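Open the model in your viewer and keep the selection tool at hand. The tour goes stop by stop.

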Amino acid sequence: MGRRVAVVGAGMTKFVRRAQETGKELAWEAARAALDSCELTLKDVDAVCLTSGPDAFDGVHMKGEYLSDGAGAFGKPFIRTYVGGGSGVFTTIQGWYTVASGMFDVALIVAEEKMSSTQPHPQGAFLTIFDNVLERPLGPNLLWIFALEMNRYMSCYGLDKRDIATVAVKNKRNAADHPAALLGQSDITVEDVLASEVLAWPVQRLDVSPISDGAVALVVAAEGVAEKLTDKPVWIEGVGWNLDTAYWTNRDLVFPEYVQSAARMAYEMAGVREPRKEIHIAEPYDPFDYKELHHLEGLMLFDKGKAPEAARDGVLNRDGDLPSCPSGGLLGVGNPIAAAGLMKCAELFWQLRGEAGARQVPGTPERGVAQAWGDLMQVGTVVVMGVGGNRSGGGALAPLASPSPTPLREGPAPFSPQAPSPGLLPLIQTPPLAAGGRSLSDAEFRSAVGAVDDAVDARYSWDTGVAVSGFLRGLRAGKVLGRECRGCGRVLVPPRMFCEQCFRETDGWVEVESTGVVNTFSICHVSWDMQRLVVPELPAVIEIDGSDGGFLHRLGEVEPEDVHVGMKVEAVWKPVGERVGSILDIAYFRPGGGA
Amino acid sequence: MLEKLTQPDDVIRWQGDIPVRHRYTPGVAGEVFLTALRDRGAILGSRCQACAFTYAPARLFCERCFAELSADVEVGPGGTLGSFTIGFVGVEGEPLDVPVTLGLVKLDGADTLLLHFVVDAGDEVLEIGERVEVVLRPPQERTGSILDIRGFRLTEGFAEA
């Protein structure tokens, strides 16, 4: 399994709604804080691992190269990895294999996200994660998939929204103790969450993490080197990552199989046989409150459908049996996407060293798990970190010494042209090392000297391809077509010319029914740029009768309160003369279709 | 597995875009650089003493050693043409009525190159190594933009070898 690898330093910026710093300046603040924390300089770094979210957030293509100088990559081996929201935790895995391979002794890991540049709303950058031909014409927004997954999760297990809301409360309260947090709030209540604006039922505003700017960095080192750099190395004991099918309407969203697969891989490597006993802290990915619970189940820390009652009973609190997101998570600290995932690994580093200050979980936790999730609800990334236990060789830990003073910048930065604003510095003297992340108000953002407004004037013409153009020709003729795979016996809808499970050519076209069952649905009150809709939309995943799949569409001729999971529906076709070979040749699905 | 298309009508396409615009703020160092350019017509750089290297425009940090920098040196307005090109077509491939000349210039006191237009060159033939100087817009026209510099124009002579 290569050499053992430890985290020896960590740093982060404040997470803010809009940072004054450029993306590369944010990356530098975090990277320098991480190096300072273990008293290294850039000369000591052998290789640099970077992650950042979609280029469309920053509006900078080749974002890896753009950020490279701030990440410390000048003249060094360097690569950016990217697995959507899973990127932040994945970059720790990247750092692990970079060093475990034996090629490099010390690697710097940097995660940056600057979402505030995107206008009118960062959701615009997410729209192309939906299938260009079969889903985007329906006018989806990112909230839809979360709302659809959350509804499926709640409906299948009969969950109480109130129990789920306790996660948002816990995390925002925990974040009140985090010096880098954007949305810490010590007095928030479940009633506040349940009374917040409904965005896409069952998702309400306080169920969701905030758009943010920020950066986080770690320093990792090989066994033999790490012990010389710090008295308290935190070992990367296990790593795992896994991807499910991109056909998200073809799998049951109630349980994240890919997280479980990634967790199995990481636990096996770490020698963890009983995660519920051997994991002392969890930092599961929490962009929405229900996701933390969903992921705790994927991590096998709770039975399926049982994490919400653990949240209700306080098990997940900082002083509970399994502290979950003691940092405050994405819901409280903020969600600069790639950086937020790496923040979870940084939190384990501080917690396992006993350096988390007011956030410190009681006792002497020895092992934690961090997890992130992303792409089209399909990727799981998992890291197990620990300070003791099943270590193979390497000798005993050196006796704990008092932490060495950390070199920190005093006073306002030389570049600060005006008096410090409330968001400007005060550097934190204890971990986490929050440097940078100077908050710009909305007015400052609008009036910033030298700001440039721009649009990438690119339009696209997507070929629908062999399988989907056949599907669209079928819709034009009033038929729903699938492709049969005799390898696994499935009828694939949407159709594809190859089966992604068997990796063989599919065998032929099959006409399936234009009726189906509502697998999950949402009642969405906002557009993709977060404008309030007069008439709510009813997106739904429809399981198509006669197939093993289904697709995203809208419901009509039904009142929102009458829709339920499992409802029989039938396609309402546009008149023949209006059909053009589009997913919109089906106007919507309405209740009906027999049984 | 790939089916041969026999009817052009079989090709179904879907048109779309990515509906985002961007507002780029210049950052900590960029704000200082652009403010000085607008207000004083000064071109600020950052000197890293440890690396004996001067960046222009100014930067918050040295990418070579990670030291924090300030906008502590003024560079130019004279400089040396490091390279140039003359563009005859626009971004869509359309011919330009007036060709545009772009130069990479090492401003006096800087170790980095700055990209900008070469202006007022008339029919003169450019040569790498020629001396140039910054041409600023009048103070009342400056907005805090790299375009507060109109470009570089040729001056007499060549850089000393």
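Helices here are DSSP runs of H or I with at least four residues, numbered from the N terminus. Keep in mind that this is a predicted model.

Start with helix H1 of chain B, residues 27-40. The helix has 14 residues and reaches 19 Å from its first C-alpha to its last, close to the 20 Å expected at 1.5 Å a residue. Now step just past the helix. B:Gly41 takes a positive phi of about 65° there.

Go back and colour the buried residues of H1(B), among them B:Val28, B:Val32, B:Phe33, B:Leu34 and B:Leu37. What do the buried residues of H1(B) pack against? Select helix H1 (23-37) of chain A and strand E3 (43-48) of chain B.

Next, show the contact between the chains. Here 38 residues of chain B are in contact with 50 residues of chain A. On the chain B side, strand E1 (13-17), strand E2 (21-24) and H1 each give two or more residues. H1(B) supplies the largest share, 8 residues. By class, this side has 18 nonpolar, 10 polar and 10 charged residues.

Zoom in on E2(B). It pairs antiparallel with strand E5 (118-119) of chain A over 2 bridges. A:Thr118 has B:His22 as its bridge partner.

Finish in chain A. Its open, mixed sheet has 9 strands, in the order E3-E2-E4-E8-E1-E9-E12-E11-E10. Strands E3 (78-81) and E10 (281-283) of chain A stand at the edges with a single partner each, so one side of each is left without a neighbour in the sheet. Inside the order, select E1 (5-12) and E9 (234-243) of chain A, which run antiparallel and are joined by 2 bridges. A:Ala6 is bridged to A:Trp235 in E9(A).

Methods: Residues are numbered from 1 along each chain as its sequence is written. Chains are lettered from A and ligands numbered from 1 in the order in which they are written. This is a predicted model: local features need pLDDT of at least 70, side-chain atom pairs count only at pLDDT 80 or more; totals for chains, interfaces and linings use all residues. Two strands pair if DSSP finds at least two bridges between them. The expected span of a helix is 1.5 Å times one less than its number of residues. A residue is buried if 20 or more other C-beta atoms lie within 10 Å of its own, exposed if 12 or fewer, and partly exposed in between; C-beta atoms are placed from the backbone. Two residues are in contact if their C-beta atoms, placed from the backbone, lie within 7 Å. Ala, Val, Leu, Ile, Met, Phe, Trp, Tyr, Cys and Pro count as nonpolar, Asp, Glu, Lys and Arg as charged, and the others, Gly among them, as polar.
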